[in-house]
Amino acid sequence: MADLSINLAGIKSPNPFWVASAPPANTAYQCHNAFAAGWGGFVWKTIGTPIVNVSSRYSALNLGQMRMAGLNNIELISDRAPETNFREIKECKKEWPNHAIIASLMTDTRDNWHDFMKRARDAGADGVELNFGCPHGMCERGMGSAVGQNPEVIETIVGWVMEAAEIPVIVKLTPNVTSVVPAARAAKRAGADAVSLINTINSITQVNMETMCPEPYVAGLSTHGGYCGPAVKPIALNMLHEIASDPQCEGLPISGIGGISNWKDAADFIALGATGVQVCTAIMHYGFRIVEEMKDGLSDFLDSKGMKSVNDLRGLAVKKVTKWENLNLNYKRIATIDYDKCINCNLCYIACEDGAHQAIALISPDGHDLGPGRLPGKLIPKILEDVCVGCNLCALVCPVDDCIVMVDVPTGKKHMSWKQYQEGLAAGKLKPIPAHP
Ligand SMILES: Cc1cc2nc3c(=O)[nH]c(=O)nc-3n(C[C@H](O)[C@H](O)[C@H](O)COP(=O)(O)O)c2cc1C
Ligand code: SF4
Ligand code: SF4
């Protein structure tokens, strides 16, 4: 069985699955339950000057049958006193010496950061995570994303923290920036041991048409909140990749966060450069026990690939992402339909006809081409191979798994990227590719 243990910047944990700093990581009670369920690490709900929360606090994007495809919240950091949180960290650490407990911290002045660092260390925390990401409430007080959006301020504050750091320091980054790379570079320059990302994304999920007030509703008003859950995973993966592939961030360990609900989501983050992952929304939705599937699934996958440890997977996909200008213009793939699986729903036909390239015809079962038209019945979709541009849309809308499969078509042409094409044109070695009619 593959070894799932990780060592993130000196923080050891029996598996890569950590509970993210959020409501599931608020108390010692939850910490015991999380570790008993199988989580490897626990990033405590952000400790700071205790705040007062509003009621209500959450809103969500539901997609069809799927509840909470995206979750929005206007909650702040811990409403419990720092002494309570640090005392409970100490108790939990005593009981779970081989699991990772990370104190998430947020404060303001240099002295206060020094004080928090000392208290986190005295409590026995394995590391700290600096919350530079909270996009509501705390940023109006000069903390959270107000810090994370300004690389100079990040560098200054991480510098203060490192003066007092005796345990590893993770800097949690905000996605509410044009590029996350300057923030990661600033954290690295200042001596941070690792970064984690993403925190939540600025968002408003919906308006209640009776009150004309967006959700969540607070006495007739609302405010923008932080968005997370499955809907944000692609954004998080892209930001993770930007840091993992940045030469100036080389060697900076990354804890991946954002929309992770199962082992495959976690594997995506690890393949794109994360050492481990953190989970919030999926626990809020389904509870701590989801970690069982995560551990079993990841372990089975690693075994099936002959990988001895989770570290063997780390970063394998990083170099597979390049700039658009390097992609091969002479590569071609087209859609093919497995008629044994097709249920004649014609969704592929409609999608390609109205939303793509009119490369699917509807034919009668006896092979007679009936041409385009809205006649569902028993007509069969047929890919017009010469017209298909291989955009993937039909395969994406098809409701039957593996019914539409994209296949390579040999073109007999050599690799040619946009960059090479431009160079060839400039040197007069290539003729312009004719535009589509
Ligand atoms: C209700 C709620 C409260 C949160 N509180 C904190 C917090 O105190 N500190 C922090 O660093 N992140 C906080 N987060 C952000 C999460 O730790 C995490 O970065 C984000 O939810 C993305 O992960 P997910 O998609 O698995 O939920 C909070 C998220 C939610 C939903
Ligand atoms: S891959 Fe795109 S162009 Fe080709 S048949 Fe499907 S939807 Fe049409
Ligand atoms: S979407 Fe899939 S199942 Fe539906 S007609 Fe097209 S190939 Fe068949």
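The shell of residues around ligand 3 in this predicted model comprises 11 nonpolar and two polar residues, with no charged residue among them. In total, 13 residues surround ligand 3. Those closest to ligand 3 are Cys342, Cys345, Leu347, Cys348 and Cys398.

Ligand 2 may be considered next. Its surroundings consist of 15 residues, of which Cys352, Cys388, Cys391, Leu393 and Cys394 are the closest. Two elements each give two or more residues to this shell, namely helix 11 (347-355) and helix 12 (393-397). By class, the shell around ligand 2 holds 12 nonpolar and three polar residues, and no charged ones. The loop between strand 19 (380-383) and helix 12 contains Asn392. Asn392 has a phi near 85°, which is a positive value in a residue other than glycine.

Ligand 1 is surrounded by 29 residues, and the closest of these are Ala20, Thr46, Cys228, Cys280 and Thr281. The elements that supply two or more residues to the shell are strand 4 (41-47), strand 6 (66-73), strand 14 and helix 9 (281-286). The composition of the shell around ligand 1 is 13 nonpolar, 13 polar and three charged residues.

In general, the strands of a sheet pair through backbone hydrogen bonds, in either a parallel or an antiparallel manner.

Strand 5 runs antiparallel to strand 6, and five bridges join the two. Within this pair, Tyr58 stands opposite Asn73 in strand 6. Strand 5 and strand 6 form a hairpin with two residues between the strands, and in this hairpin Gly64 adopts a positive phi near 60°. Strand 6 in turn pairs with strand 14 in the antiparallel sense, over three bridges.

The peptide bond from Ser55 to Ser56 is cis, with omega near 5°. Ser56 lies in the loop between strand 4 and strand 5. A cis peptide bond also joins Glu215 and Pro216, with omega about -5°. Pro216 is found in the loop between strand 13 (213-214) and strand 14.

The helices provide a further part of the picture, in which helix 5 packs with both helix 3 and helix 6. Helix 3 (residues 110-122) and helix 5 (residues 151-163) pack at an angle of about 45°, and their axes are 8 Å apart. The two helices are therefore oblique to each other. Helix 3 passes helix 5 in a right-handed crossing. On the helix 3 side, Arg110, Trp113, His114 and Met117 take part in the contact, where they meet Ile157, Trp160, Val161 and Glu163 of helix 5. By class, this contact of helix 3 with helix 5 involves five nonpolar, one polar and two charged residues.

With helix 6 (residues 181-189), helix 5 packs at an angle of about 25°, and the axes of the two are 8 Å apart. Why are helix 5 and helix 6 described as roughly parallel to each other? Angles under 35 degrees count as roughly parallel, and helix 5 and helix 6 are therefore assigned to that class. Their crossing is right-handed. Helix 5 contributes Pro151, Ile154, Glu155 and Val158 to the contact, while helix 6 contributes Pro182, Ala183, Ala186, Ala187 and Arg189. The contact of helix 5 with helix 6 comprises seven nonpolar and two charged residues, with no polar residue.

Note on methods: Residues are numbered from 1 along each chain as its sequence is written. Chains are lettered from A and ligands numbered from 1 in the order in which they are written. This is a predicted model: local features need pLDDT of at least 70, side-chain atom pairs count only at pLDDT 80 or more; totals for chains, interfaces and linings use all residues. A residue is near a molecule or strand if its C-beta atom, placed from the backbone, lies within 6 Å of it. Ala, Val, Leu, Ile, Met, Phe, Trp, Tyr, Cys and Pro count as nonpolar, Asp, Glu, Lys and Arg as charged, and the others, Gly among them, as polar. Helices (H or I, at least four residues) and strands (E, at least two) are DSSP runs, numbered from the N terminus. Axes are lines fitted to C-alpha atoms, for helices over the stretch in contact, and angles run from 0 to 180 degrees between N-to-C directions. Angles under 35 degrees count as roughly parallel, over 145 as roughly antiparallel, 65 to 115 as roughly perpendicular and the rest as oblique. A crossing is left-handed if the near helix is turned anticlockwise from the far one by less than a right angle, and right-handed if clockwise. Two residues are in contact if their C-beta atoms, placed from the backbone, lie within 7 Å. Two strands pair if DSSP finds at least two bridges between them.
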